[in-house]
Amino acid sequence: MTTFMLAWQSIGNRRTTALLSVFAIALSITLFLGVERMRIGAKSSFTNTISGTDLIVGTRAGSVQLLLYSVFRIGNATSNISMDSLDAIEARDDVAWVVPISLGDSHRGYRVMGTSNDYFEHYRYRNKQPLGFSGGQRFEDLFDVVIGAEIAQQLDYQIGSSVIISHGIGAIGGNKHDDMPFKVSGILQRTGTPVDRTVHVSLAALEAIHLDWENGSPSSGFRLSADQVRDLDLQPSTVTAALVGTRTRFGIFQVQRFVNEFKSEPLTAVLPGVALQELWSIVGVAETALTAVSAMVVLTAILGMVTMILSTLNERRQEIAILRSIGAHTGTIFSLLMLEAVILAAGGILLGTGLLYALLFVINPWIEQGYGLYLAIEAPSLYELKLMGSILVIACVVGTVPALRAYRQSLVDGMSVQR
């Protein structure tokens, strides 16, 4: 009988404790690989917050600051950029499109962003996936508003719901533009990006609600009605930032140099991918801690397996002595205990991996729909295979503890155990 068969039958004789050990390892493997999938999914969702946009243009600032207020709606620009400058950028032959955005107001704690209908055509996320509507449509009327999925869910808004924009930022906001209410014309599908938490209005609408305002408050004089502003010229003179798409990959760097060396006003053009990686290096520190905790759980499960094997050694001393008496070498005894540890660890890894995929199939649609986090259901990556191989190696290493102890047990000591 081979050593492997001996190890397998020995585990079968203690199937209850062996199954508990395998299940403990399987749960820890599921947690460990699950955290790894969540980490990769979170990083992928983060770095794919904006996709298909070649440059982000704003006033002179750091790349992370520009990314934060233009894409994540966090903070504010130090100053605006003129539409004349954007027109000069858009007039270049190597520029395919320019989408201006304007920030500054809010609605019940959510940022309001002024833009054009081109935004819904050119904005991409997660591998150049376009924005979709779960209901309604883009701006048609001056006071139409398109809201993100999270806003619709949290505030229970439907198509046709009334929206009052507040001047300023924050949950309370400043003075309300209640004389010019908006109407929800469209609700976007969930994306897992800041788009879900953004109230989109047209640039002309932002101009309209601020025509009779001075220094951040309503003018004390005559106030314009919603009907009156429809007949006025509502083209903005400045905006907060702009998203730019170029015709060729080589054109990206030409346009970036043109913007960074722009003479009329100080501007900055940043590559979204580079800025996102820089920002992730700052906010992604928690992933290391989470991975470390999961690794400790796996190590604890493996140590529990070794403890189980050690605890049964006294019961198996006579079994080992009999094997020695019929000609088994000390190396065979060592290999037997090592194989048991490997079989238990391998069984836990296989069962844990199977549990992970079963769990992904069940919860993935719910996570993507509810939180916009996409977890790819695909074969284990080379990195994950290396992780599982490392876990098996660790199981082998710690398995030497009971193997060495069994190796040192003498034949005389084993035969002398009282029945």
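Both faces of strand β16 (residues 241–246) are covered in this predicted model: Ala241, Leu243 and Gly245 on one side, and Ala242, Val244 and Thr246 on the other, are all buried. Six of the six residues of β16 are thus counted as buried, and the strand is mostly covered. Here buried denotes a relative accessible area under 20%, exposed one over 50%, and partly exposed a value in between, with a 1.4 Å probe and protein chains only. Helices (H or I, at least four residues) and strands (E, at least two) are DSSP runs numbered from the N terminus. In a regular strand the side chains alternate between the two faces of the sheet.

Residues are numbered from 1 along each chain as its sequence is written, and side-chain values use heavy atoms, with hydrogens and water left out. Because the model is predicted, local features need pLDDT of at least 70 and side-chain atom pairs count only at pLDDT 80 or more, whereas totals for chains, interfaces and linings use all residues.

Strand β8 pairs in the parallel sense with β11 (residues 182–188) over four bridges, and Gly186 of β11 is the bridge partner of Val146. With β12 (residues 198–202), β8 pairs in the antiparallel sense over three bridges; Ile147 stands opposite Val199 there.

Strands β3 and β16 also contribute to the second largest pocket, as do α9 (249–260) and α10 (272–283), each supplying at least two residues of the lining. The pocket search was made on a 1 Å grid over the protein atoms alone; a cavity is a set of points where a 1.4 Å probe fits but cannot get out, a pocket is an open set with protein on both sides within 12 Å along at least five of seven lines, and lining residues have an atom within 4 Å of a point. About 270 Å³ of space lies in the second largest pocket, the volume being the space filled by probe spheres set on grid points that are joined across faces, edges and corners. The lining comprises 19 residues, of which Gly52, Thr53, Asp54, Arg249 and Ile252 lie nearest the centre of the pocket. Helix α10 gives the most to this lining, with three residues. By class, the lining has seven nonpolar, eight polar and four charged residues, where Ala, Val, Leu, Ile, Met, Phe, Trp, Tyr, Cys and Pro count as nonpolar, Asp, Glu, Lys and Arg as charged, and the others, Gly among them, as polar.

Helix α9 also contains Gln256, which is buried with a relative accessible area of 18%. Not counting residues up to four places away in sequence, Gln256 touches Leu55, Ala269, Val270 and Leu271, a contact being heavy atoms within 4.5 Å. Leu234, in the loop between α8 (226–229) and β15 (238–239), is buried with a relative accessible area of 7%. Under the same exclusion of sequence neighbours up to four places away, Leu234 touches Leu142, Leu203, Ala204, Glu207, Ala208, Leu211 and Val229. The C-alpha atoms of Leu234 and Leu206 are separated by 8.6 Å, although these residues are 28 apart along the chain.

Two loop residues were examined for backbone geometry. Most residues other than glycine have a negative phi. Arg108, in the loop between β3 and β4 (110–115), has a positive phi of about 55 degrees although it is not a glycine; Arg108 is exposed, with a relative accessible area of 51%. Asp156 lies in the loop between α6 (149–155) and β9 (162–163) and has a positive phi near 55 degrees; Asp156 is exposed, with a relative accessible area of 57%.

Overall, the protein has 15 helices and 17 strands, and buried residues make up 47% of its 419 residues. Among contacts between residues at least 6 apart in sequence, 77% join residues at least 24 apart. The accessible surface comes to about 20400 Å², of which 58% belongs to carbon and sulfur atoms; accessible areas come from the Shrake-Rupley method with a 1.4 Å probe, and for residues only the protein chains shown count as cover.

Methods: Two strands pair if DSSP finds at least two bridges between them.
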